[in-house]
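Q: Could you take me through this structure one feature at a time, giving the general idea before the particular case?

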Amino acid sequence: NAAGGVLGRPLTLINYDDQGNPEEGVKLATRLLEDDKVDWISSSLISSVILAQAPTFDDAGIILLGTGTSSTWMAPGYEHVFRPSPAAGSVYPAMAATAAELGIKVTVVGPGAESDIEGQVAMIEQQIGAGVDAIVCAPNDGDAAAAALSQASVPVLFVDTDANLESKTAFVGTSNEDAAAIGGAYIAEKL
């Protein structure tokens, strides 16, 4: 804001914790619309929360920039709901095809819900114990994943979400700060 905001408009950051809970997400969507009078929202990382909030924001004509990767919340064809990242389901087939071409065995594991941090940690620990040659991880919680992966003696690659792990091999993903600036500029143009 000190440099003029986005396209000359100041921004106010309002941050609430949906706790990874769809019902709490809907309550917060109503609060953001009715009490805070938001012009746009960058929503939860949890697709089930975005799926629950999307009709509320779309019906109100408020842009919802969701960051989850599940394709389920894009299926209804909302006019005001956007996702800046690819759907996870579109990534796995390409990954499997490339791995097959290279003669690499790939095992994809993941918890049933994006909010299941403990489940992801248990899966990381299981893969380390199984003696895999490398781990590619899209952490649900960077700190929890990094703590579990600190025991790994194999290359670790983070995708989508980075984590503070000194021994990581690399991170592949978008800069959330750059994406927010681009998204903010787009939304400011539309307001």
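Q: How many helices and strands does the chain have, and in what order do the elements run?
A: Helices (H or I, at least four residues) and strands (E, at least two) are DSSP runs, numbered from the N terminus. The chain has six helices and six strands, and from the N terminus on its elements run α-β-α-β-β-α-α-β-α-β-β-α.

Q: Where is confidence lowest in the chain, and where is it highest?
A: This is a predicted model, in which local features need pLDDT of at least 70 and side-chain atom pairs count only at pLDDT 80 or more, while totals for chains, interfaces and linings use all residues. Residues are numbered from 1 along each chain as its sequence is written, and side-chain values use heavy atoms, with hydrogens and water left out. The score itself, pLDDT, is the predictor's confidence in each residue, from 0 to 100. The chain averages 82, and 88% of the residues score at least 70; confidence is lowest in helix α3 (residues 88–102), at a mean of 72, and highest in helix α5 (residues 142–149), at 94.

Q: Which residues of α1 are buried, and which are exposed?
A: Buried means under 20% relative accessible area, exposed over 50%, and partly exposed in between (1.4 Å probe, protein chains only). In α1, the buried residues are G25, L28, A29, L32 and L33. Seen down the helix axis, these buried residues fall within an arc of 135 degrees, so they line one face of α1; the arc is taken from the directions from the axis to the C-beta atoms. On the other side of α1, E23, K27 and E34 are exposed.

Q: What do the buried residues of α1 pack against, and what caps the N-terminal end of the helix?
A: With contact meaning heavy atoms within 4.5 Å, the buried residues of α1 pack against β1 (40–42) and α2 (47–60). The cap at the N-terminal end of α1 is N21, which has a side-chain oxygen 2.8 Å from the backbone nitrogen of E23.

Q: Which side chains meet in a salt bridge?
A: Side chains of opposite charge can pair when their charged atoms come close. A salt bridge is a side-chain nitrogen of Lys or Arg within 4 Å of a carboxyl oxygen of Asp or Glu. The structure holds one salt bridge, in which the side chains of K168 and D162 meet at 2.8 Å, N to O. K168 counts as partly exposed, at 27% relative accessibility, and D162 is also partly exposed, with a relative accessible area of 35%.

Note on methods:
Polar contact = N/O pair within 3.5 Å; in protein donor to acceptor, adjacent residues only side chain to side chain.
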